[in-house]
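Me: I'd like to learn how to read the features of a model like this one. Can we go through it together?

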Amino acid sequence: MAAKQHDFEADTGKILDIVINSLYSEKEIFLRELISNASDALDKRRYMAATDQSLQSETGYAITIIADEKAKTLTISDNGVGMDDADMASALGTIARSGSKAFLEQIQAETSKDKKSKDAFSLIGQFGVGFYSAFMVADKIDVISRKAGDEKAWHWSSDGKSGYSLDKGERAEAGTDITLHLKKGEKDFLDETRIGYLVRKYSDHLGYAVNWQPPKLDAPRQLNTGSAIWTRPKKDISEEDYTQFYRQIGAVYDEPFMTLHNSTEGMLNYTSLLFVPTSRPFDLFNPDRKSRMSLYINRVFITDECEDIVPPWLRFIRGVIDTPDMDLNVSREMLQKNPSVQKIGKALIKRILGELKKKKEKDPEAYEAFWDQFGMVLKEGLYEHIESRDKILEICLFRSARSGTLISLADYVAAMPDTQDKIYTLSAENPEQAETSPHLEGFRARDIDVLLMTDPVDEFWMQAVTEFEGKSFASATRGISDLDKVAPKSDGEKAEEKPDEDARNQEFAGLIAKVKATLGEDIKDVRLSKTLTDSPVCLVADEEGMDIQMERLMKAHNKDFAGSPRILEINPDHKLIKGMASQIEANGDPALLDDAAKMLLDQAQILEGRPPASLTEFAKRMTRLMERGLSA
Ligand code: ADP
Ligand code: MG
């Protein structure tokens, strides 16, 4: 019976073509990809064998590389979990099941920018087109595999162009042989020295031996060190070793920002090797918020999906935990509630936060770079993990409105004048909007600092966290009656000259009444501002009302959320406001005053980052006012 032919899925052909033809310079990485797949397969089999003795290999677990000079084939063989026909069709018939589209788009963007194909290369591992990278050096690949526990073996074969064939095969025990029929000009890959060099370069830290099987019946030679790096004494590991390992497990290409390697013995026994990346991994903002920590029990890989080890708000951490304290039989589901896992998890959180704090103190500049990449993730912990809240607050950085630099809450509190008892914050969509907000004027005039909150996550934790070291947080968009206690700076004499409040209210009573009448339901109240210096108007939230940014967030989540009307504050020292007041006195043109009042609200809204209620009305008003000013 002839082997059954199958077509590749739509994107597969396209991606293959790109992989094979555009990603030219580092063909050798195919070996890393195939060895890493073999190692995954060995992990899986060992894991299964831990609960089902019959699946155990009698000869140990290893990866073997066999070159056939005559046939010009290179075979990577493992006695791992293997695949049956259905596994082959789904695992090898589609490229990068989840990431294919993203991969395709990125690759196209990279190659069209004519960047070095090296950049595009780094994407191969990330998106899991791993297996297919072998078509860079092979014009035909045969896969013979037998799944652990099955009697039958299967044979998959493809030229990497249109499709593949699938047929029965022969294999003495469970595992997989991947045989590459090397392209012309790729004979190098049959050379033991070259293969040995590549294995050490990419796969030295693997937990398994990678062996070279010489022709005839010579004994196999081990090419890699084969010891899991975390089990070696720290003093024997170079920075370069750590970096290599980090890149291997994280499928990333940056340097680790911090490397934490520790062994703990006593109540809890475990070894941890943790890395804080320098830059964001590509999946950092995936909705699954999965952490990527691998858990091993005595060097047997258990899972990399264990939330209790590292919580979602530390999901940027990469690394391995190895512990002898757990039973291999433990199911992945049981792990979540396993007391040892939970204890290790707690200890790790403490350690990571402690080390970050040290880093912040010792090397503030480097820490700022870290914060820039991961601060917004870390802040999720402020509302998700109450136990760590204080420790996280200690290492948070915020942009100071006064200095424009990043400062900690402790820095902020230390710089507070005696008369100030709150930590003022201003939420905005971005730093530019925050810095130009009229809400800052009163604070600037009094030389009081405000922390600018421009990460979306800030709205969430600020609902949960009310104070730091006994000082409560207060939004600068609320009424700012507290500010009265602090005199504006270098404004001593002028402040004296200011007419008293009653007199001023009298003076502007006409204008206030007019604006109130014109704007009606759209605002809650109109009052004179005590804080504005440059802007004519701003909107403030009622003292009891919801913070303006919080309200915006609620609206984003719920279209029907109406929100509460704001108080419009007007600046009695502003030329425009004074002008409007005297027009009212003089019974000026009511149409003009109507437009002006409405424009005040429009303007205040725009400064909040919100469009005016009606853009057409706004444009018409604007035109009328400009006509007044400009027409001949
Ligand atoms: P990834 O490793 O990211 O899943 P690959 O393209 O490297 O992507 O491999 C695709 C899939 O093929 C693997 O997930 C695995 O299911 C299967 N596979 C590849 N090589 C082997 C192997 N040696 N043994 C068992 N399964 C394998
Ligand atoms: Mg792979």
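Me: Are Trp156 and Tyr164 buried or exposed?

Reply: First, the ground rules. This is a predicted model, where local features need pLDDT of at least 70, side-chain atom pairs count only at pLDDT 80 or more, and totals for chains, interfaces and linings use all residues. Residues are numbered from 1 along each chain as its sequence is written, chains are lettered from A and ligands numbered from 1 in the order in which they are written, and side-chain values use heavy atoms, with hydrogens and water left out. Buried means under 20% relative accessible area, exposed over 50%, and partly exposed in between, using a 1.4 Å probe and protein chains only. Here Trp156 is buried, and Tyr164 is buried too. Across the protein, 50% of the 632 residues count as buried.

Me: How many aromatic pairs are there, and how are Trp156 and Tyr164 arranged?

Reply: Rings of Phe, Tyr and Trp (its six-membered ring) pair if their centres lie within 6.5 Å; planes under 30 degrees apart count as stacked, over 60 as edge-to-face and the rest as tilted. The structure has 19 aromatic pairs. For Trp156 and Tyr164, the ring centres are 5.7 Å apart and the planes are at 25 degrees, so that pair is stacked. Elsewhere, ring pairs tie Phe257, Phe316, Tyr367, Phe370, Trp371 and Phe374 into a cluster.

Me: Which residue lies over the face of Phe257?

Reply: A charge sits over a ring if NZ of Lys or CZ of Arg is within 6 Å of the ring centre and within 35 degrees of the ring normal. In this case Lys359 lies over Phe257, at 5.1 Å from the ring centre.

Me: What is the strand order in the open sheet of 9 strands?

Reply: Helices (H or I, at least four residues) and strands (E, at least two) are DSSP runs, numbered from the N terminus. Two strands pair if DSSP finds at least two bridges between them. The order is S1-S6-S5-S4-S7-S3-S2-S8-S9, with mixed pairing. At the edges stand S1 (4-7) and S9 (221-222), each with a single partner strand, so one side of each has no neighbour in the sheet.

Me: Why is strand S7 largely enclosed by the rest of the structure?

Reply: Count its buried residues: 7 of the 8 in S7 (residues 175-182) are buried, so the rest of the structure largely encloses this strand. As for its partners, S3 (residues 73-78) runs antiparallel to S7 and is joined to it by 6 bridges, with Thr75 partnered by Thr179. S4 (residues 138-146) also pairs with S7 in the antiparallel sense, over 8 bridges, and there Ala138 has Leu182 as its bridge partner.

Me: At what angle do helices H18 and H21 pack?

Reply: Two packed helices are described by the angle between their axes and the distance between the axes. Axes are lines fitted to C-alpha atoms, for helices over the stretch in contact, and angles run from 0 to 180 degrees between N-to-C directions. H18 (residues 501-519) and H21 (residues 590-607) pack at about 80 degrees, with their axes 9 Å apart. Angles under 35 degrees count as roughly parallel, over 145 as roughly antiparallel, 65 to 115 as roughly perpendicular and the rest as oblique. H18 and H21 are therefore roughly perpendicular. Contact means heavy atoms within 4.5 Å, and the residues that meet include Lys514 and Val515 in H18, and Pro590 and Leu593 in H21.
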